[in-house]
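Please view the sequence and the model below before reading on.

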Amino acid sequence: MKLKTNCPFTLAEYKNLIRLAKTRFPIIAYQKYKCYNSFIIWRHDVEYCVDEMNKLAEIDAAEGIRSTFFIQLHSYFYNFWSNETVKTIKCWIKWGHAIGLHFDCGYYGQKVFGRIAELILFEKNILEKIYGTGVHAFAFHNPNNKILRHQDNYAGLINTYNKDFFKGEIIYVSDSNGRWRDKTIRDILESPETAKAQINTHDTWWTNQRIPQIAKIERAFRRQAERQIENYKEMAIVIVKDIV
Ligand SMILES: [Zn+2]
């Protein structure tokens, strides 16, 4: 099958990109971005599967870089409150990574725009209480043009789409939907013109083998469903022995 992506999207390529980045740039936390003339901020928006993201968190830690993981409280695809999610994300913090708030305006509907600072503060406080660590930045989930007009740093958090980060001097490149829209991460990292960049890599798109991106999503969701079925069976055996 002919693959249409312009990047291998393998974990080996991911590791190469991290190595390329760290040889050329300091990789820094959001709250330090005004202290450097040249840097990379390595960002991860957790979208589909916490276990898939764990693979990138492990590589980042093994390569000695500290990245920032933006967590959603209302994801359709993973349970923010589950024991497994919390345990995995606590490991990332132990490895030295930071967490940020991946704020979903869509969850609140139109009323979000009159209360945006209050709602971001509310979710930031939940994140900080659960994980016992400071949260210094937020990123809008699925931002449209209306959302992107909100460029302030609400609730004391750096807005990753503020005037410096969005169409400012800091380059932004993302693997949203498993593809590059324009330039690839490699293009940005190799360009002599790059001084400051925010690189956003999502979970699930990076795997051992080079297979179509849609197959990666299907495989991750099937694994989650199978785990739910197994969990149910284990529970049901205890409750009603004749159900299985
Ligand atoms: Zn998102």
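## Crossovers

E2, H3 and E3 form a right-handed β-α-β unit; right-handed means that, with the strands pointing away from the viewer, the path from the first strand over the helix to the second runs clockwise. Helices (H or I, at least four residues) and strands (E, at least two) are DSSP runs numbered from the N terminus.

The model is predicted: local features need pLDDT of at least 70, side-chain atom pairs count only at pLDDT 80 or more, and totals for chains, interfaces and linings use all residues. Residue numbers start from 1 along each chain as its sequence is written.

## Strand pairing

E2 and strand E3 (residues 98–103) run parallel and are joined by 4 bridges, with Phe70 opposite Gly100 in E3. Strands count as paired if DSSP finds at least two bridges between them. E1 also pairs with E2 in the parallel sense, over 3 bridges, and Arg43 has Thr68 in E2 as its bridge partner. From E1 the chain passes through helix H2 (residues 50–62) to E2 in a right-handed β-α-β crossover.

## Helix H3

Gly96, which follows H3, has a positive phi near 105 degrees.

## Trp42

Trp42 lies in strand E1 (residues 39–45). Trp42 counts as buried because it has 26 C-beta neighbours inside 10 Å; the cut-off for buried is 20 or more other C-beta atoms within 10 Å, with C-beta atoms placed from the backbone.

Conventions:
Buried ≥ 20, exposed ≤ 12 C-beta atoms within 10 Å, placed from the backbone.
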